[in-house]
Amino acid sequence: MAFLLLLIDSTTYGAVKLPALISNSIVLQRDTKLKIWGWAAPGEKVTITFNGRKASATTNDSGNWLLWLQPMKAGGPFTMKIKGSNEIILTDILIGDVWFCAGQSNMVIPMERVKEKYPDEIANANYPEIRNFFIPTVADVTRLHDDLPQGSKWLQANPQNVLTFGAASYFFAKDIYQKYHVPIGIINSSVGGTPIEAWISEEGLKQFPNDEAMIKNFKDTAYMHTLVQKQVALAKARREEPLPEPDKGLSGNKPWYDTTFVPQGWHKFWLPGYWADQGVKDLNGVVWFRKEIDLPPSDAGKPAKLFMGRIIDADETYVNGVKVGGITYQYPPRRYEVPAGLLKPGKNIIVVRITNTAGKGGFVPDKNYSLNVDGQRIDLRGDWLYQVGQVFTPNKHYSDDGAMMSMQNSPTGLYNTMVAPVINYSIKGLMWYQGEANTNRPKEYGQLLPALIADWRNKWQQGELPFLYVQLPNFMEVNYSPSESQWAQLRESQLKTLAVPNTAMAVAIDAGEWNDIHPLDKKDVGDRLALAADHLVYGDKTVVYSGPIYQSCKIDGNKIIITFTNTGTGLMAKGDGELYYFAVAGSDKKYFWAKATIAGDKVIVYNDAIQAPKYVRYAWADNPEGANLYNKEGLPASPFETDDK
């Protein structure tokens, strides 16, 4: 997202106005004093009547007003009347527990994305007392915003609305609701691909010199003006570059998706896969793919569902010459409806036009590639044909001169717009699922995450608000030798954040996918967050809420004895086999795979070739496939290293 200079207009308030968050079907926090706030004409008296309580406030010279309501028990629905020069009536208000959920894409991935994995959860999502408020994305590094973006509202959980709920937060809310039977409100404030610094306030970043320097620049009008001028020049230079040759697949006598087009001279391609691995080197551009399938007369005319896995990067997909779908970026799964009447008996043609501008283009392996007709699944993996339609010339103008910036990736850029307007709102706790965007600086994350916690607690002024967070799941290719890993180091930084009081971490090392940074297993994540809340927030000290957590180690000859907390009713190797993914090193810190055995709440680690072991690592990899230390309650151990450096 390019930076755009914002022109800030002064606002004159007249009639009473409420924040976007305070609206019909809202969930208010139980058992605590509540702030209700808004705007009106200067000096105007505003009165609220709600649930047998009445409170008034007078606006200041800027037209702001704020009043307090005394604590209330869970219940509802209630009606709220706000009266000044005008009157606003809000209905269907519940009092329960409100959770502020934030982070990057894995916190915002909606139930719609996982509907094939959890169809029964969608169908049975009839929980009118679970409600979600999704904050639209907006970023600004120049000022604090006093209200959230317009365009969202509180929605009840039902089979239609739940498709828009964040999946991890929904499963969390459902677990908590079913156990405690109080209304649950989720405020989801998440933006894909964003670093943690964007979510921290200016005050919270004072201990980070680089971020502080950037914030100082944001306040320098001359600096910002120069930045805008650079952007204008860059955009002009890009516009003046010669246009690439047109896509042959669209500019010829017949488009290549036409059913009468004959694909002469096309090449074989094995799907799934990337074209860089199948004879096409260093190509950014447009590549067309085509497959013919035969259908029996019984399938003709029936509606169908076409699954084309994940595609890098953008696609347009056609069935028998008709476009059935298209997505402009790589992450969403391709799940396209084929309308009734389109499929024919005998030969049917599927054509996919892929546009890619960086990295390997093509079809991501280990995904669902099939056509589903009337309960029958037709596997689309295997031989296809391809032809290059367009080659992009390298762009000569890059952003490494600082001419481009992204507000949503810059310090304070999202705090100012998607956190600050919420801090008057009383909540039960905070949930955080983020870290992928910071894996290039994993050790610094060990300072940034505690800084975010301290910053938000300071802003909300509700004491040590419970803070639940998700450790990064497994991702990327499996490495079969001990190695260094930035993802592992970031998980270690997350693990060490448990030293911050009133925090809990959901381990997700078994909930990822090697080929997808957005794994579909959001239920285990939500369930584990709920277990953490049971223990930390709701006071159920009997629940086993975490997998084993490294506590200490002791060297005994050529063995290292590891002690854990959160062992539940005992440690186990999942699968009832040997423990995997322990590595041991001597003082040289060269790691080798180790044998590991369980002894009570301890694990004994050794390698007979290392007579003087000093350090142990467990599940230390981007994707530690096979790591299988769990407690008997089925919760995985957190990755760790014993070297504190």
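Begin by selecting Ala-167, Ala-168, Ser-169, Tyr-170, Phe-171, Phe-172, Ala-173, Lys-174, Ile-176 and Tyr-177, the buried residues of helix α3. The model on display is a predicted one.

Because 10 of its 14 residues are buried, α3 is largely enclosed by the rest of the structure. The end C-alpha atoms of α3 lie 20 Å apart, which agrees with the span that 14 residues should have at 1.5 Å a residue. Just after α3, select His-181, where phi is positive, at about 55°.

The crossing is right-handed. To display the contact, select Ala-168, Phe-171, Phe-172, Asp-175, Ile-176, Lys-179 and Tyr-180 on α3, and Lys-523, Val-525, Gly-526, Asp-527, Leu-529, Ala-530, Ala-533 and Asp-534 on α10. Coloured by class, this contact shows 9 nonpolar, 1 polar and 5 charged residues.

From its first C-alpha to its last, α10 reaches 20 Å, close to the 20 Å expected for its 14 residues at 1.5 Å a residue. The helix α10 is largely enclosed by the rest of the structure, because 10 of its 14 residues are buried. Among these buried residues are Arg-528, Ala-532 and His-535.

Finally, show what covers the buried residues of α10: the cover includes α3 and the strands β7 (87-103), β24 (429-433), β25 (467-470) and β26 (503-506).

Conventions. Residues numbered from 1 in each chain as written. Predicted model: local features only at pLDDT ≥ 70, side-chain atom pairs only at ≥ 80, totals over all residues. Heavy atoms only, no water. Left-handed = near helix turned anticlockwise from the far one by under 90°. Helix = DSSP H or I, 4+ residues; strand = E, 2+ residues; numbered from the N terminus. Contact = heavy atoms within 4.5 Å. Nonpolar A, V, L, I, M, F, W, Y, C, P; charged D, E, K, R; others polar. Expected span 1.5 Å × (residues − 1). Buried < 20%, exposed > 50% of the residue type's maximum accessible area, 1.4 Å probe, protein only.
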